[in-house]
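My entries follow the structure below.

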Amino acid sequence: MGKAKHYIAVTILTIFFTFVIRGILIYLYRLPVAASAQAVPIDTMFNAHFWLISFLFSLIMVFMLYSVVVFKRKEGDDEPGPYVHGHTGLEILWTVIPVIVVLGFGYWGVIMLNALTAENPDEMTIKVYGQQWSWQFEYPEQEDVTSPTLVLPIDQPILLDMESRDVLHSFWIPEFRVKEDLIPDTTTHLRITPTKLGDYKVRCAEICGFDHANMLADVSVVSQTDFDAWIAERLDVPAYGDMTEAERGEIWHTDFGCAGCHNVTGDPGGAGPTWLGAYGNEELLTDGTTITVDDAYIRKSILDPNAQIVSGFNEGIMPQNYDERISTKEAEILASEGIEIDIIADLISFMRTLEE
């Protein structure tokens with residue numbers, strides 16, 4: 001058979017090891033479950049890349065190792081090997097084909113990106129706010145319901161309008177595949193269509209400071225019926241004027257992102273001191289003085305967060321714009337309910353209920 005047997009052997013080995021390498025890549029780079037319509041074309045492109053990687057690696061390694069084993073110099077053969085000048089046709093081929101493949105993948109990527117970002121006439125808008133180190137979600141089409149949990153109706157196209165309240169963040173749900181940055185003073189957009197019922201997690205994919213790894217939020221994909229019931233339940237919450245200060249304070253602890261740094265369980269390791277049992281305690285400050293955690297200290301710590309830092313924690317962590325955000329929220333409540341509330345006083349009342 002002459003040279004033909006070598007070509008046949010190399011072809012069989014290349015095909016065999018392409019499947020072997022593809023199997024290894026599947027094992028090493030297992031993707032999470034695909035839970036959105038956007039995940040389907042993205043996974044298809046991932047798989048095409050993995051197949052191409054497996055084939056090219058096998059092709060190169062099989063030719064190289066086959067040549068080393070089969071065409072190695074025989075014992076006692078001291079003759080110089082034949083001089084090979086080159087093969088112009090082959091060189092053109094292995095230049096043109098990769099260029100075509102790269103351009104093909106590039107065109108495929110552009111087409112897919114346009115499809116993933118295209119507007120959908122039936123999409124529902126949800127506002128996403130990120131801040132160190134928590135997420136908040138607002139539903140403008142459902143009477144501005146707000147929640148620390150992202151609840152999505154299955155098969156409903158969603159438009160996420162996203163803003164950062166401090167530094168760069170990045171919204172990422174691995175099961176949905178797509179992600180997008182949140183930029184201060186800019187609204188960015190991301191479109192998703194959840195297709196699989198279940199619970200997932202929003203992660204921040206942009207290193208954003210001390211507690212970046214814990215910037216998580218729960219995601220629930222539910223039926224339309226369950227979504228409507230959840231919205232009704234959120235709308236059935238009593239008016240702020242009908243709540244006690246402590247009840248409102250518990251809401252502000254979540255809505256203003258305090259929970260991202262200050263837990264209420266006493267667990268150590270947060271970016272800020274725990275609130276459990278904090279009220280009334282004496283704390284050592286970074287300047288060596290001590291302070292009692294009372295109403296005046298808490299108010300000053302919210303409005304001027306770098307003035308008095310508890311020992312063991314760093315300045316510059318807490319957002320500097322709470323004065324503006326709190327004033328805006330108080331004005332909204334005054335306009336909607338006709339009552340004046342003091343959000344900081346509410347937070348203090350909530351803290352006073354957190355006894356160890």
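**Salt bridges and cysteines**

I began with Asp304 and Lys300, whose side chains meet in a salt bridge with an N to O distance of 3.9 Å. I noted that this is a predicted model.

I then looked up the total, and the structure holds 6 salt bridges. Another of them joins the side chains of Asp43 and Arg177 at 2.7 Å, N to O. Asp43 lies in helix 2 (residues 39-70) and Arg177 in the loop between strand 6 (169-172) and strand 7 (179-182), so this pair ties together parts that are 134 residues apart in sequence. I found both Asp43 and Arg177 buried.

Next I turned to Arg248 and Asp346, whose side chains form a salt bridge at 2.8 Å, N to O. Because Arg248 sits in helix 5 (residues 245-255) and Asp346 in helix 8 (residues 343-352), the pair ties together parts 98 residues apart in sequence. Arg248 counts as buried at 8% relative accessibility, and Asp346 is buried with a relative accessible area of 0%.

Last, I checked the cysteines: how many disulfides does the structure hold? I found 0. The sulfur of Cys204 has its closest cysteine sulfur in Cys208, at 3.9 Å, which is too far for a bond, since a disulfide needs the two sulfur atoms within 2.5 Å. Cys261 is likewise in no disulfide, with the nearest cysteine sulfur, that of Cys258, 8.6 Å away. I recorded Cys204 as buried at 8% relative accessibility and Cys261 as buried at 10%.

Terms used: Residues numbered from 1 in each chain as written. Predicted model: local features only at pLDDT ≥ 70, side-chain atom pairs only at ≥ 80, totals over all residues. Heavy atoms only, no water. Buried < 20%, exposed > 50% of the residue type's maximum accessible area, 1.4 Å probe, protein only. Salt bridge = Lys/Arg side-chain N within 4 Å of Asp/Glu carboxyl O. Helix = DSSP H or I, 4+ residues; strand = E, 2+ residues; numbered from the N terminus.
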